[in-house]
Amino acid sequence: MLATKSKRLAFVAAMAALFALMACASPVSEPIVIEVTSTPEPMMPAEVELVFGDLPRDETFIVASQAPNNDVWDSFNHYQAATYNNASGYNQLTQEMPFLEWDGVIYPWLAQSWEYDGDGTELTLTITEGVNWNDGMPLTIEDWLFTLQYNADNADKGIAWASFLTDIEWRAEGSNQIVFTLPESNFRFHQNFIGHIAGAWRPVAKHVWEGQDATTFKNPDAIGSGPYRLVSANSDTRTVIWERRDEYWDPERLPAPKYQVWLKRPEADVAVFEWEEGAYDLGRIPFQLMTRMMSANAHIKPLVHQDPCPRGLIFNVMNEPLDDPLFRRALGLLMNRQAVANLANVPSYVTPVLWPNTGEIDERFYDAAAAEEFEVTTFDPEKAVQLLDEAGYALVDGVRLDKSGNPISLDAFYIDIGDPAWTVWSWLLAEQAEKVGIEVNPRLLDIPTFFAQGPNGEFDILFRWFCTRPSDPTAMYDGLHSKYAMPIGERSSGIPGRYRNPELDAIIDQIRTGDPASAATQELFRQAYRIWAEEQPYLSLFGENEGVAFNTQYWTGLEVGQPWVHWGAHFRQMMVWIVPAQ
Amino acid sequence: MSTLLKIRNLSAGLQGRRAITQVVSNVDLDVEAGEILGIVGESGCGKSTMAAAILRLLARPQALQSGSMQLTLEDGETYDLLQMPEKKLRQFRWRRLSYIPQGSMNSLNPVLRVRRQMTDTLVEHGLTKEEALGRAGEVLEQVNLEPRVLDSYPHELSGGMRQRVIIALAVSMRPALVVADELTTALDVVTQRQILQQMAAIRDELGTTFILITHDMGVVAQVADRMAVMYAGRIGEVGSVKDVFASPLHPYSQALIASIPQQSGQRVEGLSGEAPSPWNYPAGCRFHPRCPRVFEPCSEQAPALRPQGSGRWAACHLFEPQFEPQNVSDQ
Amino acid sequence: MVAQETETMEAAEVSGRREAVHYIVRRFGIYLFTLWAAFTVAFFVFRMVPGDPMTILLGQLSRAEGQLDPEEAEVIIAHYREVFGLDEPLYKQYVFYLGNSIFRGLDFGPSFVAYPTPTRDLIVQRLPWTVGIFTTSVLLAWIAGTGLGAVMGWLHQRRLTGLAVAVSTLLQITPVYLVALGLIIYVGFALRWLPPGGPYAAHLQPTWNWEFISSLLRHAILPMLSVMLTLGAGFTLGMRALMISVLGEDYLTFAKAKGVLPLTILKDYALRNALIPQVTGLAIVLGATLNGIFIVEVLFQLPGLGTLFVQAMGLRDFNTMQGIVLFSIFAVLTLTLIVDLALPLLDPRIRKTV
């Protein structure tokens, strides 16, 4: 017994020597540690389970991120919008925006309201007063003005929410109003201040950012106006610990969990065991594993919400016969959308518009008659055959020929993220197309290739999601503008199907400058919808319900239908609903 | 002269999973003290197996089957090599009998200097480090090598030098018997001659007995006192070199001698056929399928090695009394 | 005759010294050339992989920032294109990158996975993990495997070694990730003997106190074990084969005949000779581990170079991928160079043949 013990000790000592040697040989990474004045109380009643050192489990909310993301753990600089890490909690727990939108409803947050003058060349923004930063400093109009100027000054440094300030002037009006003067009529300027899913312009603390380089400053203390402050961030363990600050400016919306731990679990196959042990409260995990987890741990439930980005299929109109609207409509009729929606991880829904909806579609932006006339959600192979025949696509020996007399063969590109619906559509389409003599070849793309090949127009049919704002569905049409119809091989930042339609271009131009709240603009929306439905440059495939894993052992209160999605800025909204489990 | 080594009924072979394939069969052989005994035979006749068997260096799958080997030293003590325990044997080897293996070009460890390889042996056999170094220099001198060879690695030496280092190593403990397996194969004729002369010189100087195993009749003719002719794992004939060369008794010896090129452009007579491998040794006399003088008993019964007078022995039915050697006179 | 031979030996010694210098110079030249060639190949190969970091960035932006205005996205993309030098023609990028790597102290440019941390800093941060855990395991595996293999080769005719060979073979053909997953699931989760992943307990910060060090060691055991089991088995089998072939050499029979002690034979005759190729093998495997066992790092969530490479690949972070590959190539080549230069110490024949 003694011998084994001393052996074990010797082994441990040898290992220690080894690690010490290795530490001397090269600098060890230094994760940042922030000393917080009010450290968690060290003495805990014996029955309280402790996690992460001395955090009581029942007061800690643990988020396990599975998001493919950058690996930045020591920088809290949201200006690097493209390269920051969304899994640290910084964005969700400290970054507040003027407004937040969910399902067409806009919630005031750091600002209370906005108002345009008659012709849309002046916007008055009323900000919330009494706000403070998580280091205790007040957040005043000074910070707003500083940030506006800072963003404008750094617009060329690749930061988000900066270039919209070009040619804009602003001034403070009292302590709670900012007046923007716009060079031309624009009824959408306020949208820059509304967080739809994640991003919007947001103020930063003048006393932190002043004189700092927008691209390299790391904001090491993660200063923001949210209800949490940083305790520690560790890039080795990829763990960030947050503590609630009770002097938060909006006590009514103070979240229940005293602590939050955000960590990254890249290997789902391993994370599933930790989930089963109740190590996490909320997180994304492949659905097959989630089913397994739920049978192993009864506390784990799928938390379903409507993804704000419905899925669609883009046709490359440069490739014959996809240039023919009738042919595109025929393909749409071959698409069994309901079957695809049913095969999603969480049963989803078919939608005639590309914004999230629960079946009640806002009639102001939508032409139901056009949807019915052009059958934008119908599955009807017989009608498809009829359309193809009428349009002159002859069926010769069971093969459908295009107008030049060549057999029709199309490549349908999909990506695989573990959701059957994202892949199965291509096989269902291929099956139906084969029956009418058209060859459709499903092709899997890895995600980086997908992001390259898609915008470059190197596809026939491409799966993609459309993040459209229900309160202003401009984005459903805007990407179809001819200005985005680049030659094949050049990157298009619109909807990359190379669609051109001068009539639609004119309507889009008018919509972009019109006030979405006005009846005239809404009429234009309905016209645009009719053109889209008739032309179908892309198809609406399905609106997706998504499920994330939620462990109800310690925390509960989250339900379907509450105004949030689980990621980005909406997480902040979600926190309001969380209550301790009994 | 006294008999140094008495080999009786020695059999050795390859140990298979079920059976033993005999390579050397029932060998009887006496080695006289101070002589150079040549053992000749074609490749694969079992010479090397016998050499290794004498040193008890057979490694699996090779294995001894039966027999006895009695070594009688000058002081009159007699040891049975086959009964000796492994530990004693290790001490005994090299002090009393040593070995020059076949392919001795490769018998030196390539990564150690000659010094280390000589002294580790000597120290192992009881010399001190200093004594060992002195002795190493001494024996190298005996084979005409400079002491600086000690500081060389084997690859830095020529083939002849390496061979001489091996000889020096073999005689370094002043053993009574050295078994040299194909000592001069792979050496050029000039070097070969030098080496053989040195061996003879050592015998003359130290009285060491040598068993010289070779396939080269010329080598035997040059240095050996007596010779044994081996065929297919058996001894065919034993006698003094002079006698055997002058009047070979065994038809195989006759064939071997006939195959040596003579000075006058006489045609060399070869033997037809190939020597059998241990897996298909013929029944009876193993030479009978190739023997020009084969007759009835040859295929049925193996002839025993019998004395033929004046220190000569032969194993051939031609000389068996019960068979009428009717055609001996024909010769 | 003797004098003549002595003279040749002397001449050989002088020319040998000259040859040795010549060899070192030439070997170093080859080293530099290979390094450059590998660098160049890596540079161009990564740029042939489909996918452009900027379009990935764009995709990421659309995810993180929702409905970012296309024009705004263009500005951001343009900025990063400039930062990463992607607008320049390929040959200019190459020259620039090569120049920076050589003349600015291995400056591989900014990383994209962990912007704005420079790639070099990132590699330096991650390196101790890979070296500390994986290189150490490889060394331990090599030592254990070589020892075990030598014994198994030495005793290869004993029946028991047959079993050992079977076990080693089974371990060697098992993919390392299966061993790792097995250890995670059974030792980590089912038996709860050791933590199943992470570099150390997630609430700790690196400080030199016992709590941290013990946590570090406990977390290191399973990843090290999975590498050691698989690689160790390979080393064992390799060494055993080398040993058996050396045992058949003439000098071993001769050593036995000389009456040298079995232990001396094992040590000076068999092991010394069998070790030569085994050492070369170590150099190659050691270099390869720098990113070769990345899957183990990923499974155990260790912040080493392997994990970094996988992440960089997903983002097409050319700078980081190149930096890591270059570093690995550098390590493999340097270790091979060291072994090549050191091998003559182990094997005197090489001194001559070179």
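In the predicted model, A:V270, A:F273 and A:E274 of helix α5(A) are in contact with C:L181, C:I184, C:I185 and C:F189 of helix α7(C), contact being defined as heavy atoms within 4.5 Å, and helices (H or I, at least four residues) and strands (E, at least two) being DSSP runs numbered from the N terminus. By class, this contact comprises six nonpolar, no polar and one charged residues, where Ala, Val, Leu, Ile, Met, Phe, Trp, Tyr, Cys and Pro count as nonpolar, Asp, Glu, Lys and Arg as charged, and the others, Gly among them, as polar. The axes of α5 (residues 268-276) of chain A and α7 (residues 176-190) of chain C come within 11 Å and cross at roughly 10 degrees; axes are lines fitted to C-alpha atoms, for helices over the stretch in contact, with angles from 0 to 180 degrees between N-to-C directions. The two helices, α5(A) and α7(C), are therefore roughly parallel to each other, a term applied to angles under 35 degrees.

In chain A, four strands form an open antiparallel sheet in the order β6-β7-β11-β10, with β6 (111-116) and β10 (169-173) as the edge strands; strands pair if DSSP finds at least two bridges between them. Strands β7 (residues 122-127) and β11 (residues 177-181) of chain A are paired over five bridges, and A:E122 stands opposite A:T181 in β11(A). Helix α3 (residues 141-153) of chain A lies across β6, β7, β10 and β11 of that chain, at about 175 degrees to β10(A).

Residues are numbered from 1 along each chain as its sequence is written, and chains are lettered from A and ligands numbered from 1 in the order in which they are written. Local features need pLDDT of at least 70 and side-chain atom pairs count only at pLDDT 80 or more, whereas totals for chains, interfaces and linings use all residues, and side-chain values use heavy atoms, with hydrogens and water left out.

Note on methods:
Parallel < 35°, antiparallel > 145°, perpendicular 65-115°, else oblique.
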